[in-house]
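User: I've got a fold to go through with you. Can we take it piece by piece, with the cut-offs spelled out?

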Amino acid sequence: MIRIVEVTNASGAVVAADWFAKAEAVHRQLRTGLPRDYAATMKRVFKGGARMCVAVEGTVVAGVAVYRVYENTFQGRQLYVDDLVTDEKRRSTGVGRALLAYLENKARAADLDNLALDSGTQRQQAHKFYFREGMVVTSFHFGKRLK
């Protein structure tokens with residue numbers, strides 16, 4: 001059985017330190033370039049408005065989501081998913097679906113206008129999943145690396 005646990009509270013403080021520690025290995029499967037000091041990095045990310053929840057199976061973190069709520073002129077008030085990753089050993093078992101459904105329900109309960117995320121162009125399998133979950137491509141995201 002998959003259950004979702006909020007790791008941070010509304011102000012971004014880590015309230016489930018044990019799950020936070022277990023989340024790092026799964027999170028790094030997606031974000032391989034995260035700095036060595038994961039806790040300090042994530043503390044800064046949380047201070048900037050991000051929150052984290054994890055999908056749990058028993059005593060194991062099966063998936064991680066980092067998200068934030070904000071408003072912009074393009075999509076209004078939205079829940080934006082920074083990171084959504086399922087442990088590579090648990091892919092196609094419902095973990096990603098459970099996390100995405102949880103976040104969608106959270107956005108609906110807050111009466112937000114949109115649920116959004118970006119996905120790297122090389123992640124074709126993830127794109128198939130997002131399409132199956134009813135998401136659509138709304139724009140291209142452009143960036144320019146400065147460092």
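User: Which ring does the charged end of lysine 22 sit over, and what is the distance from its centre?

Analyst: A charge counts as over a ring if NZ of Lys or CZ of Arg is within 6 Å of the ring centre and within 35 degrees of the ring normal. This is a predicted model, where local features need pLDDT of at least 70, side-chain atom pairs count only at pLDDT 80 or more, and totals for chains, interfaces and linings use all residues. Side-chain values use heavy atoms, with hydrogens and water left out, and residues are numbered from 1 along each chain as its sequence is written. Lysine 22 passes that test over tryptophan 19, at 4.7 Å.

User: Which residues do ring pairs link into a cluster?

Analyst: Rings of Phe, Tyr and Trp (its six-membered ring) pair if their centres lie within 6.5 Å. The structure has four such aromatic pairs. Ring pairs join up a cluster of Phe20, Tyr38 and Phe46.

User: What is the strand order of the open sheet?

Analyst: Strands are DSSP E runs of at least two residues, helices H or I runs of at least four, both numbered from the N terminus; two strands pair if DSSP finds at least two bridges between them. β1 (2-6) and β5 (114-117) are the edges, each pairing on one side only. With mixed pairing, the five strands run in the order β1-β2-β3-β4-β5.

User: Which residue in β5 stands opposite valine 81?

Analyst: β4 (residues 76-86) and β5 run parallel, joined by four bridges. Glutamine 78 faces asparagine 114 there. Opposite valine 81 stands leucine 117.

Conventions
Rings of Phe, Tyr and Trp (its six-membered ring) pair if their centres lie within 6.5 Å; planes under 30 degrees apart count as stacked, over 60 as edge-to-face and the rest as tilted.
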